[in-house]
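Subject: Structure handover

Hello,

Here is the structure we spoke about, for you to open alongside this message. My notes on what was found in it follow below.

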Amino acid sequence: MNYFPFAEYWWFYLAFTGFIILLLTLDLGIFHRKSHTVSFKEATIWSIVWVTLALTFNFLLYRYSFNKFGAEAAFQIAMEFLSGYVVEYSLSVDNIFVFVLVFSYFAIPAEYRHRVLFYGILGALIFRAIFIAIGAALIQFHWVIYLFGGFLLITGIKMLFSKETEIDPEKNYLIRLVKRFIPVTHEIEGKEFFVKRGKLTYATPLFVALLFMEATDIVFAVDSVPAIFALTKEPLIVFTSNIFAILGLRSMYFMLAGAIDKFYLLKYGLSIILIFVGLKMIWLNDLFDGKFPIVYSLSIILGIIFLSIVVSLMFPKRDKTDESDL
């Protein structure tokens, strides 16, 4: 059963999108109008704000569903939103690794990183909406469920056994293509993405960093969007949980950027989560008469994340410099 068909709830998508645009406008136009280095305290406060907004939305969605569809359906809908939100938020950790690399590679000053991330998130919202719309159309065909599940299973196994590789932005095809048509400055030109020199317009390293982030987010979306469709068939839940998770990504970066290497086992936890949701689509749902209990799913996902973080902190990763001294 589809509780929120688009034909009946198009107004909600429109209102929700308008609300998100308002939040982003307030974010950049008022709270971050002046470029500055985002402190850990500020990032923590904003992280709490974004998470609180997501949980408040989930509560309101639960109350609406309770009055419209009854207690059982409302609980199912709320748990599906929460599960989707947790999965997307967790998979976003991969994005943070890329953010750290890109900002270091292009030597982006700390005070301009929020601006790059803001427009990167804005682009991510647009691309996620497109992916979700395509996924919602395809998921109507039962064979696509097995296709998505198999893809997630293979991706998770590949991630589990793959070695860490260095990412070189200069080898990215999109960036090389842009440099053929647009000259790029070697210096940071303040907060500008483009500058004019004579009759020519130059892109700055800020724009190249933004472009690389957009390209990598599209790759990540290929994993994350099918993963949420493994937890719910409601496009409205997929859309809203995805958007809320992405909105909190910037503040999570500023919180974790300096300590991201400490959670080195999280990569394996995320790959196990992808394997689990892949198995859920192609096997576990059928085993439980078409629907693996969402409470079990959420418990397993949270348990894997918690265990990955705890074990990472209990057994810190050995520094390569320390190993070379032995």
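This is a predicted model: local features need pLDDT of at least 70, side-chain atom pairs count only at pLDDT 80 or more; totals for chains, interfaces and linings use all residues.

How many aromatic pairs does the structure hold? There are 31. Another of them joins Phe 16 and Phe 239, whose ring centres are 5.7 Å apart. Their planes meet at 65°, which is over the 60° cut-off, so this pair is edge-to-face. Phe 16 belongs to helix α1 (residues 6–31) and Phe 239 to helix α9 (residues 235–247), so the pair links distant parts of the chain, 223 residues apart. Both partners are under the 20% limit and therefore count as buried: Phe 16 has a relative accessibility of 4%, and Phe 239 has 11%.

Two arginines lie over aromatic faces. Arg 63 is placed over the face of Phe 66, at 5.2 Å from the ring centre. Arg 197 is placed over the face of Tyr 202, at 5.6 Å from the ring centre.

On helix packing, α9 also has a partner in α2. A packed pair of helices is described by the distance between the axes and the angle between them. The axes of α2 and α9 come within 8 Å and cross at roughly 160°. That angle is over 145°, so the two helices are roughly antiparallel to each other. The crossing in which α2 passes α9 is right-handed.

Helix α2 also contains Phe 59. Is Phe 59 buried or exposed? With a relative accessible area of 51%, Phe 59 is over the 50% limit and so counts as exposed. Its C-alpha atom is separated by 38 Å from that of Lys 191, which is 132 residues away along the chain.

Two backbone angles deserve a note. Most residues other than glycine have a negative phi. Ala 107 has a positive phi, near 50°, and sits in the loop between α4 (93–105) and α5 (110–138). Its relative accessible area is 51%, so Ala 107 is exposed. Asp 289 has a positive phi too, near 60°. Its place is in the loop between α11 (266–287) and α12 (294–314). Asp 289 is exposed as well, because its relative accessible area of 78% is over 50%.

Last, confidence. The chain averages a pLDDT of 86, and 94% of the residues score at least 70. Where in the chain is confidence lowest, and where is it highest? The lowest is in helix α13 (residues 320–325), at a mean of 50. The highest is in helix α2 (residues 40–69), at 94.

Regards

Technical notes: Residues are numbered from 1 along each chain as its sequence is written. Side-chain values use heavy atoms; hydrogens and water are left out. Rings of Phe, Tyr and Trp (its six-membered ring) pair if their centres lie within 6.5 Å; planes under 30 degrees apart count as stacked, over 60 as edge-to-face and the rest as tilted. Helices (H or I, at least four residues) and strands (E, at least two) are DSSP runs, numbered from the N terminus. Buried means under 20% relative accessible area, exposed over 50%, partly exposed in between (1.4 Å probe, protein chains only). A charge sits over a ring if NZ of Lys or CZ of Arg is within 6 Å of the ring centre and within 35 degrees of the ring normal. pLDDT is the predictor's confidence in each residue, from 0 to 100. Axes are lines fitted to C-alpha atoms, for helices over the stretch in contact, and angles run from 0 to 180 degrees between N-to-C directions. Angles under 35 degrees count as roughly parallel, over 145 as roughly antiparallel, 65 to 115 as roughly perpendicular and the rest as oblique. A crossing is left-handed if the near helix is turned anticlockwise from the far one by less than a right angle, and right-handed if clockwise.
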